[in-house]
Amino acid sequence: DQNIMPVPVAFSDLEEKICTPDQLRPKPDNSALVFGKYFTDHMLEVSWDSKQGWAKPVISPLHNLQLHPGAKVLHYAIELFEGMKAYRGEDGCLRLFRPDRNMARMLSTAKRSSLPTFDAEEMIKCIKRLIQIDKEWVPYSTTSSLYIRPTFIATDPSLGVASPNEALLYVLLCPVGPYFTSGFKPISLMADPQYVRSWPGGCGAMKMGANYAPTIYIQKQSELLGHQQVLWLYGADHQLTEVGTMNIFLFMLNKNGERELVTPPLDGLILPGVTRLSLLELAREWKEFRVVERTITMAEVIQAHEEKRLLEIFGAGTACVVCPVSSISYQGREYNIPRSEPSLSQRFLKTMSDIHYGRVQHPWAVDI
Ligand code: PMP
């Protein structure tokens with residue numbers, strides 16, 4: 001049986017077990033949408049084993065998993081996930097935002113996690129079908145959306161630190177509210193070089209659960225000190241890498257007085273964000289200012305701050321699109337970050353929202 005070719009995930013094999021009317025759960029009020037707390041009625045599952053490849057994808061009522069207590073995910077954290085959104089447009093159509101990018105990142109994380117790969121297009125078709133089935137859960141609002149959480153775990157009951165022979169890929173859906181409940185609120189950051197999120201040769205560019213668990217304690221430290229998020233630094237020169245679970249952008253005047261949008265490069269230390277990529281592509285299309293992917297250090301930020309060359313700093317990610325930074329606490333000092341008028345982050349938010357909610361037609365918005 002070593003000769004059996006593993007089969008790919010196939011949308012045409014999808015099996016659907018739909019909830020009976022009494023299994024359908026009430027939908028929360030739009031105002032009560034705490035992130036990740038409410039799940040829709042159905043989930044998608046596809047199991048895999050090394051001999052037979054992928055089994056039939058199945059959509060069924062949301063249920064608990066049954067795992068052997070020796071399952072590899074529970075011991076060596078062989079787990080990865082994705083985060084993307086579906087939006088209900090002003091025209092009533094449901095759309096995904098660049099799902100191909102999330103699937104490509106999921107495949108790169110799967111490879112690094114010793115988990116099997118799959119056909120991304122077939123997976124997107126299965127996810128679209130899941131959303132169609134639970135379409136009434138997509139909020140009727142242009143500030144809310146449906147968060148999609150593809151998850152992939154190693155399930156084989158064997159304690160060897162070795163590549164898994166059994167795995168389960170599943171997808172959950174959560175209606176989520178606006179990230180900024182009371183307007184577009186800037187956040188304060190703690191930048192403490194004693195904490196490091198990722199390092200060269202490590203897995204910082206991967207969306208593995210194991211990258212997130214150790215950050216929670218440090219996030220808590222920043223909150224105890226009165227800040228909202230962590231600005232992750234790396235190296236002896238205190239390079240800026242990411243902010244919380246967002247990529248970071250600086251809009252500034254360079255030493256020649258030219259306007260420049262700067263973000264750290266994809267050097268393996270940061271997650272390749274879909275929002276990051278999209279903002280870079282928009283800015284390059286606008287051709288109004290320089291757009292640069294390069295390493296940026298705290299010394300450079302402080303110098304630009306002192307010379308009044310900083311225009312704006314913001315985080316970028318699926319959860320909030322953009323999130324302005326109001327201050328950075330670093331080595332005992334608090335640096336207040338200005339906000340340029342007109343604000344670039346506001347403009348990015350407007351441009352992205354117009355695409356998400358179908359106010360403009362754009363190839364990044366994919367009909368469901
Ligand atoms: N960095 C980290 C560490 C993240 O978890 C995320 C969220 N996926 C991002 C950046 C932003 O990525 P995206 O724009 O794809 O949501």
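Guide: Searching the whole structure turns up 2 cavities of 30 Å³ or more. A cavity here is a set of points, on a 1 Å grid over the protein atoms alone, where a 1.4 Å probe fits but cannot get out, and its lining residues have an atom within 4 Å of a point. Volume is the space filled by probe spheres set on the points, with grid points joined across faces, edges and corners.

The largest cavity holds about 100 Å³ of space. It is lined by 13 residues, and Tyr87, Phe97, Thr275, Thr318 and His356 are the closest to its centre. Strand S6 (84-88), helix H5 (274-286) and helix H7 (344-356) each give at least two residues to this lining, and S6 has the largest share, with 3 residues. Helices (H or I, at least four residues) and strands (E, at least two) are DSSP runs, numbered from the N terminus. By class, the lining of the largest cavity has 6 nonpolar, 6 polar and 1 charged residues. Ala, Val, Leu, Ile, Met, Phe, Trp, Tyr, Cys and Pro count as nonpolar, Asp, Glu, Lys and Arg as charged, and the others, Gly among them, as polar.

The second largest cavity has a volume of about 40 Å³. Among the residues lining it are Gln239, Pro264, Asp267 and Ile296.

Please remember that this is a predicted model, where local features need pLDDT of at least 70, side-chain atom pairs count only at pLDDT 80 or more, and totals for chains, interfaces and linings use all residues. Residues are numbered from 1 along each chain as its sequence is written, and side-chain values use heavy atoms, leaving out hydrogens and water.

Key. On a 1 Å grid over the protein atoms alone, a cavity is a set of points where a 1.4 Å probe fits but cannot get out, and a pocket is an open set with protein on both sides within 12 Å along at least five of seven lines; lining residues have an atom within 4 Å of a point.
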